[in-house]
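Visitor: Hi! Could you walk me through this one?
Guide: Happy to, let's bring it up.

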Amino acid sequence: MSLSDALRNELERILGVDGVITDPVQLLAYDCDAYTIEKSLPTVVVLPQTTEQVVAVVRLAHQTGLPITPRGAGTGLSGGALAVQGGIVIAFSRMNRILWVDTQNRRLRAQAGAVNYQLSKAVREAGLHFAPDPSSQGACTIGGNVAENSGGPHTLKYGVTVNHITGLQVVLPDGEVVELGGSEDEPFGYDLVGLITGSEGTLALVTEVTARLTPNPQATRTLLAVFETLEDASQTVSAIIASGIVPAALELMDALTLQAVEAAFGYGFPLDAEAVLLIELDGLEAELDGEQADVLCICQRNRAREVRQARTPQERAQLWAARKKAIGALGRLAPSCVTQDGVIPRSKLPQVLREAAQIAAKYRLRLANVFHAGDGNLHPVLLFDDSDPEQVARVVEAGDEILTLCLQAGGSLTGEHGIGVEKCAMMHQMFTAHDLETMRRIKAVFNPQDKLNPEKMFPDTRYCYESKRALRRGAAPLL
Ligand SMILES: Cc1cc2nc3c(=O)[nH]c(=O)nc-3n(C[C@H](O)[C@H](O)[C@H](O)COP(=O)(O)OP(=O)(O)OC[C@H]3O[C@@H](n4cnc5c(N)ncnc54)[C@H](O)[C@@H]3O)c2cc1C
């Protein structure tokens with residue numbers, strides 16, 4: 001797909017010359033997200049700063065029939081920001097302003113490209129924060145969080161993005177601007193904020209977000225429990241939840257992840273353990289001693305070798321930095337990785353982790369585990385070299401088998417990373433034809449010509465089948 005001079009001139013008139021990227025080398029930065037095994041070059045990338053500019057670009061695309069792909073920071077892990085048909089990528093990175101803060105009513109309004117971490121930073125002095133904290137929070141945008149309904153370590157207790165958004169400004173694929181919800185706690189009428197949240201950019205472009213702010217807890221306890229076996233660590237997860245305790249976070253890192261994290265940061269993680277659990281309790285100071293004692297007891301009953309406690313805010317920050325940078329640290333072990341995102345009932349963690357390891361071994365791949373264990377949200381990370389098509393083919397097969405295993409265990413295809421292009425071919429395994437048709441009809445109301453983020457999520461698109469077939473044959477994806 002090529003861009004006519006007239007169209008390029010018009011885009012430059014709307015956005016200024018530095019708001020339009022057409023140089024093929026610069027476009028390479030936008031040819032994929034953090035799911036790097038499928039790539040596609042957009043025809044043009046635009047960098048709006050205002051909703052009015054977004055509207056003008058969308059109207060132009062509508063008139064000319066060009067597809068649009070929304071993009072935040074490109075940290076997505078399922079290929080959602082991939083410009084499958086080329087066309088216009090609307091990158092929200094310059095729409096990053098916090099528009100207002102109302103600490104009294106615990107609300108904040110931001111443009112869609114504001115970085116997740118900036119929201120909490122803006123209200124830190126007021127003792128508040130934005131609760132959804134994806135491990136990528138230093139880079140990912142609130143618009144991307146809304147599109148993926150993102151979670152994070154602390155969403156075990158506090159809920160995912162949809163629980164913290166009360167209002168959205170969106171631009172529909174014909175350029176109409178619509179305000180959904182507001183600042184109130186309980187919306188009336190259909191929950192359209194809930195419908196857009198998690199729709200992976202296939203229904204509307206999110207331009208502004210009103211977020212609920214959460215008071216910081218009075219006290220926290222952060223523990224690191226060390227286990228000789230992955231099985232004991234995963235059984236501890238079920239036991240803690242079954243006891244009625246809801247930790248603020250309950251994260252697992254396995255031996256391979258610890259190796260990478262330790263090599264990267266040198267925090268003193270045990271390298272001879274098979275797994276550690278990072279357990280955070282929060283709430284009223286007076287309650288935490290009892291809860292901590294119960295958690296210690298459960299860890300010991302499940303053969304924890306040692307339970308360390310972060311003694312200072314710095315130690316706590318170091319533990320969390322290590323956890324949140326773990327996937328990045330895995331880059332030390334292989335040129336590429338694919339992070340899967342299945343959900344399973346917590347009680348099946350030991351069985352599913354064992355079988356996932358067997359699948360990885362069958363495909364001769366190294367597998368690291370670093371995940372939101374309390375939510376039963378697995379992130380098996382397959383390590384490989386994406387310049388070798390034969391390894392890519394094995395990764396695709398192994399990833400599909402691991403996700404099928406999650407479905408068979410009574411789980412789902414995604415906890416927080418979305419379907420994107422990565423998992424669209426598997427949607428038939430989770431949803432009936434009737435379910436998919438219902439979703440298609442909803443999409444047709446908002447996005448009737450399928451020009452907004454086309455060929456995502458649904459299993460019967462040309463791209464979905466042909467790219468997966470090509471990857472399985474060990475060839476480059478067909479674009
Ligand atoms: C190291 C690492 C750790 C991660 N940890 C977590 C985690 O703990 N929890 C979690 O949930 N995810 C995690 N992720 C995945 C990812 O960071 C999230 O999905 C995040 O919300 C994506 O935000 P983004 O701004 O990068 O969006 P992008 O990747 O740019 O886009 C993601 C999707 O949102 C759409 N989109 C983006 N902006 C808009 C908009 N304004 N309007 C409409 N649609 C839009 C895109 O089209 C695409 O479909 C992690 C990723 C990495 C690389």
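Visitor: Which domains does the domain assignment give?
Guide: The chain has domain 1 (5–91), domain 2 (98–215), domain 3 (219–329) and domain 4 (334–472), with bounds from an automatic or database domain assignment. Residues are numbered from 1 along each chain as its sequence is written. This is a predicted model: local features need pLDDT of at least 70, side-chain atom pairs count only at pLDDT 80 or more, and totals for chains, interfaces and linings use all residues.

Visitor: How many residues of domain 1 are in contact with domain 4?
Guide: 17, and they meet 23 residues of domain 4; contact here is C-beta atoms, placed from the backbone, within 7 Å.

Visitor: What gives the most to that side of domain 1?
Guide: β3 does, with three residues. Strands are DSSP runs of E, at least two residues, and helices are runs of H or I, at least four, numbered from the N terminus.

Visitor: Where does β3 sit in its sheet?
Guide: The open sheet of four strands is ordered β1-β2-β4-β3, with mixed pairing. Its edge strands, β1 (20–21) and β3 (68–71), each pair on one side only. Pairing takes at least two DSSP bridges between strands.

Visitor: How many bridges join β3 to β4?
Guide: Four, and the two strands run parallel. β4 covers residues 88–91, and I90 there is the bridge partner of P70.

Visitor: And which helix lies across β2, β3 and β4?
Guide: α3 (residues 51–64), running at about 170° to β4. Axes are lines fitted to C-alpha atoms, for helices over the stretch in contact, and angles run from 0 to 180 degrees between N-to-C directions.

Methods. Two residues are in contact if their C-beta atoms, placed from the backbone, lie within 7 Å.
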